[in-house]
Amino acid sequence: MKKYFFICLIALCLCSRAGAATEYTLDALYRIALERSEKIKISAEDLYIAITGKEKAMSFLLPQLSAVGGYTRYRDSKTSDSGMLIQPDEAASYGLRLDQSMSLSGREITAFKISKDNIEKSKFDLFAVKEAYMFIVSNAYYDYLKTKKIVDISKANVERLTKHKNAAATRLKVGEVTKTALLRAEAELSGAQSDLIKTGNFMKLRKAVIARIVGINEDFEVKEDSESGNAGNSSEEIIEGCQLLAVECLKEKADSERAELKSASLQKKIADDTVRVVHGTYWPTVSVEGVYQKRKETPETTSIVRDNIYGGLKFNFPFFEGGLRDAQVKEAGAKKRQTALAYEDLKKSVGIEVESAYLDFITQKGVLQSLEDQYAFAKDNYNAVARQFEYGLANSIDVMDANTLLVTAERQLADATYNYRLSILMIKRTTGVLLKSVMDSEPAGLLDQQGICSKTEKTSISNKLIGAVDK
C-alpha cells in the first residue's frame, strides 16, 4: 500500500512540475531575445559579410595562381613544301600561370584597410541593433507588468463594489437606503466587471507580444525581478561617471559610448579612404605574370617547344576613359560629404534623445512621488467613506466617488511606477550603456552561452561581439 502511495505522490509531483509555466525575469528575456531575434541574426550576418569582404580585399594583394590546359584535334596533319611537318594530328598543352596586378597608387592596400574598418563598423552596428532590441523587450516587459497591475486593480475594484452592493442590499432590506442606491451599486459593479474582462484580454495580448518579440513558444509567466522593482533607485547610481545625472554629462557619455556614433565615425573614415581609392585610378597599373607551359603533339612538328617558362611585365596607364574616372571621383567626394553631414545630424539627434530621456526621467520621478501621495490619500478617503456608509453617515454616491478616485489613483500610480522604471532604461539606452550594464550584471559565462560575448574578455565589448560571431 505504501509503495503505491509513494508512486502516486511522485507522479503527482512530476505532473505538477511539468504543468508549471516557466517564469522569466527581464534579464532572462534579454538573453533569450538576443539569442533568437531574427533582426539580431541579420545584423550578425552583416558582420560576417564584412569579414568576408576583408578576405576578398586580401585576395587582391596576393598573386593569382591558375592551371591552364587545352587539347586540339585537327582533321589532318600539314606539311610544308619542303616536307617538314608544321601541323600535327592532335596537340595538347598544360601548365601553371602566376599573375599579379598592383596599382602604383597602392589603392589595393587602402581597400584592405577599408575592409578592416568595415568589420569594426559592423561590430558597432550589431551592438546598436542589440541595444535597440533590448529596449523593445524592456518596453514590452513593462507594458505587460503595467497591464497585469491594472488587472489586479480591476479585480480589487470588483471585490470592493461587490462588497458595497451587498451592503447596499442589506441596508435596503432594513429601509435605510432607497433602491436607487442598490441599482447604482449594481451598475458600478457591472462596469467594473466589464473593465476586468477588457484588461484581462489586453494582458493576454501583451503576453503574446512578449512571446513574439523574444521568441518564446511555450507557456510562460513574466516575473517582476528585484532589480526592475527598485523604483527608488537613486539618480547617482543610474549612469556610471555621471554622479549628478546632469544632462550635459549624459550627452558626453552618449558621444563616447553610443555605438551608432562610433559606426558613423568609422563610416566617415571609410568615405575618406574610398576617395583615395578612386583617385588611385589615375595612377598606372603594373602587372606581373609568370608561366610554365608544357606541350605535346602527335606527331611532333619540327618547331615544337616541349617545355617553356617565361615571365612578363605589363604597364597600363589609361589616358582617356570618357570621363568615367572624373565622375567616380566626384561621386566619392559627394558620398564623403554625405557621411560627414550624416554624422553631424546623428550626433545632434542623439543629443536630443538624451535630453528627452533625461527630462522624461525627471518628469516620471516627480509624477511618481505625487501619485504615491495621491494614492495614499485616495485609499484613506475610500476607507473613511466606506465606514461612514456602513453607519449611515454617507450615501452610495459618496462611496462611488471615493472608489472612482481610488481606482484612478491606483491606475495612475501603476502607470507612473513602470514609466519611471522604463525611463531609467531609456537613459541607459540613449547613452549607449544598456547592453554593457546588463553584461556587467550577468554571472561570468552566462552571456557567453547566449552568444553575446567571449568567455575571457570582459573589458572590450567589441571584442566580445566579434568573439560571438566567430563562434
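Y282 is partly exposed, at a relative accessible area of 31%; on this scale buried means under 20%, exposed over 50%, and partly exposed in between, with a 1.4 Å probe and protein chains only. The residue sits in the loop between α7 (259-279) and β7 (285-298). Helices (H or I, at least four residues) and strands (E, at least two) are DSSP runs, numbered from the N terminus. This is a predicted model, in which local features need pLDDT of at least 70 and side-chain atom pairs count only at pLDDT 80 or more, while totals for chains, interfaces and linings use all residues. Residues are numbered from 1 along each chain as its sequence is written, and side-chain values use heavy atoms, with hydrogens and water left out.

**Surface patch**

Y282 belongs to a nonpolar surface patch of about 870 Å², together with L104, W283, F315, F317, F319 and F320. Patches are made of residues with over 30% relative accessible area and no salt bridge; like charges are joined within 9 Å, and nonpolar side chains (Val, Leu, Ile, Met, Phe, Trp, Tyr) within 5 Å. Accessible areas come from the Shrake-Rupley method with a 1.4 Å probe, and for residues only the protein chains shown count as cover.

**Strand pairing**

Strand β7 pairs with β5 (residues 90-103) in the antiparallel sense over 14 bridges, and with β8 (residues 307-316), also antiparallel, over 10 bridges. Two strands pair if DSSP finds at least two bridges between them. Within β7, Q293 is the bridge partner of G95, and Q293 also stands opposite N308 in β8. Strand β5 is in turn paired with β2 in the antiparallel sense over 10 bridges, where A67 stands opposite L96 of β5. Strand β2 (residues 64-73) is hardly covered, the count of buried residues among its 10 residues being 0.

**Helix α6**

In helix α6 (residues 247-257), the residues V247, L250, K253, A254 and E257 are buried. Seen down the axis of α6, its buried residues fall within an arc of 115°, so they line one face of the helix. The arc is that of the directions from the helix axis to the C-beta atoms. These buried residues of α6 pack against α7, α8 (324-390) and α9 (396-431), where contact means heavy atoms within 4.5 Å.

**Salt bridges**

Side chains of opposite charge can pair when their charged atoms come close. A salt bridge is a side-chain nitrogen of Lys or Arg within 4 Å of a carboxyl oxygen of Asp or Glu, and by this rule the count comes to 27.

| Pair | Closest N to O |
|---|---|
| K78 and D76 | 3.7 Å |
| R171 and E176 | 2.9 Å |

K121 and D125 both lie in helix α4 (residues 107-173), 4 residues apart, about one turn of the helix. K121 is buried, with a relative accessible area of 16%, whereas D125 counts as partly exposed at 26%. R171 is buried, with a relative accessible area of 10%. Elsewhere, E131, R258, E260, E353 and R429 are linked in a network of salt bridges.
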